[in-house]
Amino acid sequence: MKLHFLGTGGAFARTHTNAWFEEPREDGRRDLYLLDLSMLHVQAAETLVREETGEIYVLLTHMHDDHCSGIGLFIEWCLLLKGRIVNILVQEALAQDVRDYLRIIGVPEEMYRLITFSVQMEMAGVTVTAIPTRHTPALAGKCFGFCLETGGQRVVFTGDTATLEPFIPWLTEGAELYTEMAYHHGNVHLRWEEQKTLLLPLAKKCSVFLMHMDDEEALRRETEGTGIRLVTL
Ligand SMILES: [Zn+2]
Ligand SMILES: [Zn+2]
């Protein structure tokens, strides 16, 4: 599994941190997995839907605009222009919010397939485990990171989070960690100054990537020579 990014920034940046990967199937097709989808990246996501694409999954971390505002338009484009149904994959705490959100923007449940799970979900070749985390008070209990496993490879994706704690047990030797990181403002996000004592030694055991950045230049300067990398487009 190779994670690609449609955007690398936080909510107020020019691009939003949405990611994707493909998983080959036995029949030669490739399932497409999008990790969140902002309105900014719907057109880019459309280019990923090809003839040989198998199932289309959108895995949502939480309901902030920079993570979910593109799903309605993407569902409509896939169905109305390509005849393809989008699978929205969420932890069950988000199920009703997704239904309500899509209904309000005119996307009834017949237009997509909502797949919910409590802890873990086995897709074809991919195991998805939801990791509940703390982000903003308004979305308490409704923010998730994920552990994605395929062929012995483990990817831990934090989504938006104010703490790394729930992810630590998943960070085994050789795992890849994609963590959100702010340079200037913490509070509902992780701030480099407060996290670096944890992340710098962790980078010797895992591959650490920063995403959802508010100041890439500053974070690049801070991480130079540390082994910690910034995600790129
Ligand atoms: Zn965000
Ligand atoms: Zn958020």
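These legends walk through several close-up views of a predicted model.

View 1. To get our bearings, we start with the overall picture. Along its principal axes, the C-alpha trace spans about 50 × 40 × 30 Å. Buried residues make up 39% of the 233 residues. Of the contacts with a separation of 6 or more, 57% are between residues 24 or more positions apart.

**View 2. An open sheet of six strands.** Follow the strands across in the order β1-β2-β3-β4-β5-β6, and you will find that the pairing is mixed. At the edges stand β1 (4-5) and β6 (112-117); each has a single partner strand, so one side of each is left without a neighbour in the sheet. Strand β5 (residues 86-91) pairs with β6 in the parallel sense, over six bridges. A handy pair to look for is V86 and its bridge partner in β6, Y112.

**View 3. Helices α3 and α4 lying across strands of the six-stranded sheet.** Helix α3 (residues 71-82) lies across β4 (53-59), β5 and β6, and runs at about 150 degrees to β5. Helix α4 (residues 95-104) lies across β5 and β6, running at about 160 degrees to β6.

**View 4. I88 and the largest nonpolar core.** This core has 57 residues, and those that touch the most other members are L34, V58, L59, I88 and F146. Zoom in on I88, and leave aside residues up to four places away in sequence: I88 touches V58, L60, I71, V98, Y112, L114 and I115.

**View 5. An open sheet of seven strands.** Here the order is β7-β8-β9-β10-β11-β12-β13, with mixed pairing. The edge strands are β7 (120-123) and β13 (229-230), each with a single partner strand, so one side of each is left without a neighbour in the sheet. Strand β11 (residues 176-180) and strand β12 (residues 207-211) pair in the parallel sense over five bridges. To find this pairing by eye, look for L177, which stands opposite V208 in β12.

**View 6. The two sides of helix α5.** In helix α5 (residues 192-202), the buried residues are W192, L199 and L202. They cover an arc of only 80 degrees around the axis, which puts them on the same side of α5. The buried residues of α5 pack against β12 and α6 (216-223).

**View 7. D36, a residue with a positive phi.** D36 is not a glycine, yet its phi is positive, at about 70 degrees. Look for D36 in the loop between β3 (30-35) and α1 (42-46). D36 counts as buried because it has 28 C-beta neighbours inside 10 Å.

**View 8. H212, in the loop between β12 and α6.** H212 has a positive phi of about 55 degrees, although this residue is not a glycine either. With 28 C-beta neighbours inside 10 Å, H212 counts as buried.

Key:
Residues are numbered from 1 along each chain as its sequence is written. Chains are lettered from A and ligands numbered from 1 in the order in which they are written. This is a predicted model: local features need pLDDT of at least 70, side-chain atom pairs count only at pLDDT 80 or more; totals for chains, interfaces and linings use all residues. Two strands pair if DSSP finds at least two bridges between them. Helices (H or I, at least four residues) and strands (E, at least two) are DSSP runs, numbered from the N terminus. A residue is buried if 20 or more other C-beta atoms lie within 10 Å of its own, exposed if 12 or fewer, and partly exposed in between; C-beta atoms are placed from the backbone. Two residues are in contact if their C-beta atoms, placed from the backbone, lie within 7 Å. The arc is that of the directions from the helix axis to the C-beta atoms. A nonpolar core is a set of buried Ala, Val, Leu, Ile, Met, Phe, Trp, Tyr and Cys residues joined through C-beta atoms within 7 Å. Axes are lines fitted to C-alpha atoms, for helices over the stretch in contact, and angles run from 0 to 180 degrees between N-to-C directions.
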